[in-house]
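Take a look at the sequence and the fold below.

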Amino acid sequence: MARGGCRIASRKGDLWWVIVGVIALIFVGTLLNDQSPSFLSQVGSTYSQSPTGLSAIYAVFEDQRAARRWTLPLSKLDGSVERLVIWDVPRLMEDEIRALEDWVSRGGVVLLGGRPDGLPGAWQVRLRTGEAGAARPAAPHPVTVGIRTVSVGSARFTGDVGDRLVHLKDADGRPVLISWRIGKGRVFWSADTDWLSNAHIGEEQNLDLALQILWPPGGGQVAFDEYHHGFTSPIHWWQVLRGPLRVSVALLGLAVVLLFWAYGARFGSPRPVPARPPRAAVEYVHSMSQLYRRARAAEVVLRALYRSLRTHLGRLTGSVAELPHDEIAHRAAARCGVPEKEIEQLLDRASASTPPRSDLELVTLARAVESLQRRIDHAGHRYR
């Protein structure tokens, strides 16, 4: 039981090591995620080297210094980006669609692949699954000039696509690639996401179609959206750390709080500080006597007795230092009733240059001096 309350025994040390182990695993996972994004990135990401990734087409534009990865929200799109690829993302919010339309209306071109969830009514187009095969141009257009066949997967648009322009159709006449204008720019939408992937970009004329849609005529940049694949640039100060690392820092802070709580918790009401009993005067006297005895300071004790005796006698005779012992004894005897001879002998013994031979003689002398001092004090009270 410790002061301040009773503690409950627990295995805090084991718990602490478990917490440290979890944080270490999260930190190692973060490092792996930073160093090897191609193994952990999603389908449609330029970091992915899997058959469904876009690392191959990104490398083509990167060789021409015309590629960049977009890791900010769509609301941050500006004039530095002329072409944007949003490929196989799980969801686009309505405010993101509005930001995208605003950017396109200022002259941007976006290539959208797949069908993200959350699209507004104006973007609602039904898709269906068919058979993988080939698609051919549906009508003459600059993006399909020279294109005869494109190898595509199984996704198709179905139903009426409205006034949107159809660029590619499969053998059954179902649209694969459509587009429409918004202001000064254009939106290209591909139902199929296989033709631009690493597995199919080298087939037929897939690469030629991608270059004709995406190659910026003014030497600008082609941005590949990675924001919706989880690769984001920090906007706020807490986003400087990657997600898993933020979790590890939060867990570390929580572990520190738990550690302080565990060692600072009190069970039960605090105990009052015990009062120290006062030391008796006899303890001080005993300590001083032991100190003098060990130092063999009998002469110091004898001088102290003599000074104390002269001080008390001076109250009766007047503090005259030059008076001899016999004169002091004569004057004091008349005032305190102690025989003159006894006072003179006591003064002589206390002023002797040689101390008593034994401690017993010194104690006897001290008691005699104390007795005389009491009688002098009593006489002083009587004559007041």
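## A helix and its buried side

In helix H8, Leu302, Leu305, Tyr306, Leu309, His312, Leu313, Gly314, Leu316 and Thr317 are buried. Keep in mind that this is a predicted model. Helix H8 covers residues 298-317, which makes 20 residues. From its first C-alpha to its last, helix H8 reaches 28 Å, close to the 28 Å expected at 1.5 Å a residue. Look at the spacing of the buried residues along the helix, which include Leu302, Leu305, Tyr306 and Leu309. An α-helix has 3.6 residues a turn, so residues three or four places apart point the same way.

## Rings and charges

How many aromatic pairs does the structure hold? There are six. One of them joins Trp180 and Trp189. This pair is tilted, with 6.2 Å from centre to centre and 55° between the planes. Trp180 and Trp189 are both buried. Elsewhere, Tyr58, Phe61, Trp215 and Phe224 form one aromatic cluster.

Rings also meet charges. Arg164 lies over the face of Trp180, at 4.8 Å from the ring centre. So Trp180 has two partners to find: please locate Trp189 and Arg164. The charged end of Arg69 sits over the ring of Tyr47, 4.0 Å from the centre of that ring.

## A nonpolar patch

Leu252, Val256 and Phe260 make a nonpolar patch of about 290 Å². Leu252 belongs to helix H6, residues 243-264.

Val143 is in the loop between strand E5 (133-137) and strand E6 (150-152). Val143 counts as buried because its relative accessibility is 7%. Lys184 is in the loop between strand E9 (175-182) and strand E10 (185-190). Lys184 is exposed, since its relative accessible area is 66%.

The table gives both separations.

| Pair | Apart in sequence | Apart in space, C-alpha to C-alpha |
|---|---|---|
| Val143 and Leu214 | 71 residues | 9.1 Å |
| Lys184 and Gly108 | 76 residues | 7.4 Å |

Find each pair in the structure. Val143 and Leu214 are 71 residues apart in sequence, yet 9.1 Å apart in space. Lys184 and Gly108 are 76 residues apart in sequence and 7.4 Å apart in space.

Definitions and conventions: Residues numbered from 1 in each chain as written. Predicted model: local features only at pLDDT ≥ 70, side-chain atom pairs only at ≥ 80, totals over all residues. Heavy atoms only, no water. Helix = DSSP H or I, 4+ residues; strand = E, 2+ residues; numbered from the N terminus. Expected span 1.5 Å × (residues − 1). Buried < 20%, exposed > 50% of the residue type's maximum accessible area, 1.4 Å probe, protein only. Phe/Tyr/Trp six-rings, centres within 6.5 Å; stacked < 30°, edge-to-face > 60°. Lys NZ or Arg CZ within 6 Å of the ring centre and 35° of its normal. Patch = residues over 30% accessible without salt bridge, like charges linked within 9 Å, V, L, I, M, F, W, Y side chains within 5 Å. Areas by Shrake-Rupley, 256 points an atom, 1.4 Å probe, with all protein chains shown as cover. Salt bridge = Lys/Arg side-chain N within 4 Å of Asp/Glu carboxyl O.
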